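Let us walk through this structure together, one local feature at a time. Keep the sequence and the 3D view side by side as you read.

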Amino acid sequence: MLKFARNLFSRGDAHTGLSFSRPLVILQSDDWGRVGVRDRDGFEFLRGRGLRLGEHPYDLYSLEKADDVSALAALLATHHDSSGRPPCVVMNFCTANLDFKKMRQQSFQKIELLPLSRGLPGGWSRPGLIEAYRAGVQKGVFHPALHGLQHFSTVAVENALAENGERAKLLRLMWEAETPSIYWRMPWIGFEYWNPEKPNAGFLPLERQRNMILQASENLYAMFGTHATSACAPGYRANDDTHLCLHEAGIRVAQNGTGSGLKAPHVDELGILHVYRNIDFEPSQREQDNDRYLKIAGACFSHGIPVVISIHSINFHSSLKDFRTSSLAALDSLLSDLEKKFPELLYVHDQDLHAIATEGTFRNRHEKITVAATRREWKTSIAHQGAM
């Protein structure tokens, strides 16, 4: 264990971060509300036109159903931390989808968006889904946060449509099937605030990012009646302009990926608390290794770093393939092992962590809980999640 910790916190650049006096566990999850392959009809439509779907789990990414969401909420409610509080998943929502009906009327010449609060596009149907999200929020097991609008780079799509070549042909094929994109098959599509290729490669201009983030924030408010205070940029692609726009929209916590190894939360010059994920828990794509996850948790807690677990929405989908059953069992097992090994742990969400960092307390449903947060100099870990 000592050797493991030394490897995680070995040489690197120093930075100022926060250390917490209690073992804290956060669950962060991306891509909620984002449509993929439109169930069996869309799947067969694409296969019939030459796409060999099924080579990768994300070929089977569709959209969660109400009973998928309710099953996750029910499982979370069976667990509790040392204060009696259940774990709460920070759900990062894509707040709009492509409006396939309107785009079809325009021969798929440009992008049109439909806010999630106004329903699902085209032939998509998920009865009771919005209500299931809201019920989980009411139970305290879901915490809505911002992912963005539609996840991919609109600049990349506009470039492809303008060139009107093979990329445009693939986009229009997918849109005819009411599927926005399948990223692993077309990485040139980029991420919402970042275009990977010329022309106009790199991050979007400030004003364009500002408009997109404000619209996404308004869409989320229309769904839940509350403004997001936490956000995860699609693909973790964010720059200073992104953070400025997020701050203007009321975001106080920025979620970051696991690529930099174990890294303590820190507050930037805007006052945004940056939180770094340190466990990639993706049962749909890799084998579960609770022993490894518990070692990572032990290393985090010994240094006062929260355990931040990343788990994407695909793990709970059940329409094209039943990812849900095995993922719920895996999550149940992991949470049970964490609770057993670290009985003093506290389940918190991003807004709780911000309150701890700024006020030294957070509130559960019955009382205020005091957790000390102290600033200290850290050596940035050079270890990466794949090597842990």
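Rings of Phe, Tyr and Trp (its six-membered ring) pair if their centres lie within 6.5 Å, and a pair counts as stacked with planes under 30 degrees apart, as edge-to-face with planes over 60 degrees apart, and as tilted for the rest.

A word on the model before going further. It is predicted, so local features need pLDDT of at least 70 and side-chain atom pairs count only at pLDDT 80 or more, while totals for chains, interfaces and linings use all residues. Residues are numbered from 1 along each chain as its sequence is written, and side-chain values use heavy atoms, with hydrogens and water left out.

Back to the rings. The structure holds 9 aromatic pairs. One of them joins F191 and W194, a stacked pair with 6.4 Å from centre to centre and 20° between the planes. F191 counts as buried because its relative accessibility is 8%; buried means under 20% relative accessible area, exposed means over 50%, and partly exposed is in between (1.4 Å probe, protein chains only). Another pair is made by F301 and F342, which is edge-to-face because the ring centres are 4.9 Å apart and the planes stand at 80°. This pair links distant parts of the chain: F301 sits in helix α10, F342 in the loop between α11 and β15 (346-347), and 41 residues separate them. Helices (H or I, at least four residues) and strands (E, at least two) are DSSP runs, numbered from the N terminus. F301 is buried at 17% relative accessibility, and F342 is buried at 15%.

Two packed helices are described by the angle between their axes and the distance between the axes. The axes of α10 (residues 290-302) and α11 (residues 324-341) come within 10 Å and cross at roughly 45°. Here the axes are lines fitted to C-alpha atoms, for helices over the stretch in contact, and angles run from 0 to 180 degrees between N-to-C directions. α10 and α11 are therefore oblique to each other, given that angles under 35 degrees count as roughly parallel, over 145 as roughly antiparallel, 65 to 115 as roughly perpendicular and the rest as oblique. Their crossing is right-handed; a crossing has that hand if the near helix is turned clockwise from the far one by less than a right angle, and is left-handed if anticlockwise. On the α10 side, N290, Y293, L294 and A297 meet S333, L334, D337, L338 and K341 of α11, where contact means heavy atoms within 4.5 Å. This contact of α10 with α11 has 5 nonpolar, 2 polar and 2 charged residues. Ala, Val, Leu, Ile, Met, Phe, Trp, Tyr, Cys and Pro count as nonpolar, Asp, Glu, Lys and Arg as charged, and the others, Gly among them, as polar.

Now turn to α8 (residues 206-224) and α9 (residues 240-248), whose axes come within 9 Å and cross at roughly 40°. α8 passes α9 in a right-handed crossing. From α8 the contact involves L206, Q209, R210 and I213, and from α9 it involves D241, T242, L244, C245, L246 and E248. By class, the residues of this contact of α8 with α9 are 5 nonpolar, 2 polar and 3 charged.

Two buried residues deserve a visit. F43, in helix α2 (residues 39-48), is buried with a relative accessible area of 6%. Not counting residues up to four places away in sequence, F43 touches V37, R38, L53, D59, L60 and L320. K263 lies in the loop between β10 (253-256) and β11 (266-267) and is buried too, with a relative accessible area of 19%. Leaving aside neighbours within four places in sequence, K263 is in contact with H15, Y276 and I305.

Finally, look at the backbone. Most residues other than glycine have a negative phi, and most peptide bonds are trans. Which hand of phi do S107 and F108 have, positive or negative? S107 has a positive phi of about 60°, and F108 a positive phi of about 55°. Both S107 and F108 lie in the loop between α4 (100-105) and β5 (113-115). S107 is partly exposed at 47% relative accessible area, whereas F108 is buried at 6% relative accessibility. The peptide bond from K198 to P199 is cis, with omega near 0°, and P199 is found in the loop between β7 (194-195) and β8 (202-203).
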